Amino acid sequence: MQDMSPEAVAMRRKMFGRFAKIQLLRRIYIRKAEMNNGLNCTQVHLLEYIREHKGCPQMDVAEALSISPAAVAMTVKSLKQMEYLTAAICPENQRCKQLVITPKGEAALESGCKIMDAFDASVFEGFSQKEMQLLAEFTNRMGRNMELALGREPIGVEPDDLKTLVKEIACAEAARNRK
């Protein structure tokens, strides 16, 4: 049974406050990096997906990244204008555009990834391998406990698992907006 003393409740609330602060500071850094690199997070994720799935259709990108097709179309348009990717008509389906990252896009993506990797490394500066393993275990346990508290079977932290949660949130928000 969980400790419900005022001290324990206060400690848990402070812990979630710390997590919120960490997430906000990372978002601030990302926004500053976007200004220096010229790519926002959506553009980086889209370019990464296209690099890994050369010639993929726009609809695949939308589904894989849990982004609306309209948002993907707008992002693709801006990336094409920056000459970071090309979109060719698919020979089998004239309504389908196949996306390919350009060398210029590859360079911008690498630059953006290096910026974020350096920041992430600085965040974990001074953590030992054992501490990193413990942190992973603790946060995994927290995620599992949260899923159980929501009455659901824990799903994990792989990208496909996270996409499932993003889709669930989008459905819940759409249902709330319809009310």
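In what follows, Lys and Arg count as positive and Asp and Glu as negative, while His and the chain ends are not counted, and the place of a charge is taken as NZ of Lys, CZ of Arg, CG of Asp or CD of Glu. On that basis the protein chain carries 26 positive and 23 negative side chains, with the centres of the two sets 7 Å apart. The model is predicted, so local features need pLDDT of at least 70 and side-chain atom pairs count only at pLDDT 80 or more, whereas totals for chains, interfaces and linings use all residues. Residues are numbered from 1 along each chain as its sequence is written, and side-chain values use heavy atoms, with hydrogens and water left out.

The protein chain contains seven helices and three strands, where helices (H or I, at least four residues) and strands (E, at least two) are DSSP runs numbered from the N terminus. Along the sequence these elements follow the pattern α-α-β-α-α-β-β-α-α-α. The radius of gyration is 20 Å, well over the 16 Å that the globule rule gives for 179 residues, so the protein chain is more spread out than a compact globule; the radius is taken over C-alpha atoms, and the rule is 2.2 Å times the number of residues to the power 0.38. Taken along the principal axes, the C-alpha atoms fill a box of roughly 65 × 45 × 30 Å. Of the 179 residues, 22% count as buried, a term that means under 20% relative accessible area, with exposed meaning over 50% and partly exposed in between (1.4 Å probe, protein chains only).

A salt bridge is defined as a side-chain nitrogen of Lys or Arg within 4 Å of a carboxyl oxygen of Asp or Glu, and a search of the whole structure finds four of them. One of these joins R26 and D120 (3.1 Å, N to O), linking distant parts of the chain, since R26 belongs to helix α1 (residues 6-37) and D120 to helix α5, 94 residues apart. Another joins E106 and R51 at 2.8 Å, N to O; E106 lies in helix α5 and R51 in helix α2 (residues 41-52), so this pair ties together parts that are 55 residues apart in sequence. A further salt bridge is formed by K104 with E83, the closest N and O atoms being 3.8 Å apart, and salt bridges that share partners join R51, E106 and E110 into one network.

E83 is found in the loop between α4 (69-81) and β2 (85-89), and has a positive phi of about 65° although it is not a glycine. Most residues other than glycine have a negative phi. E83 is also among the residues touched by T102, together with Y84, L85 and T86, not counting residues up to four places away in sequence; contact here means heavy atoms within 4.5 Å.

Elsewhere, helix α6 (residues 129-149) holds E147, which is buried yet has no salt bridge, the nearest side chain of opposite charge, R152, being 4.1 Å away. Q133, which is also placed in helix α6, is partly exposed, with a relative accessible area of 40%.
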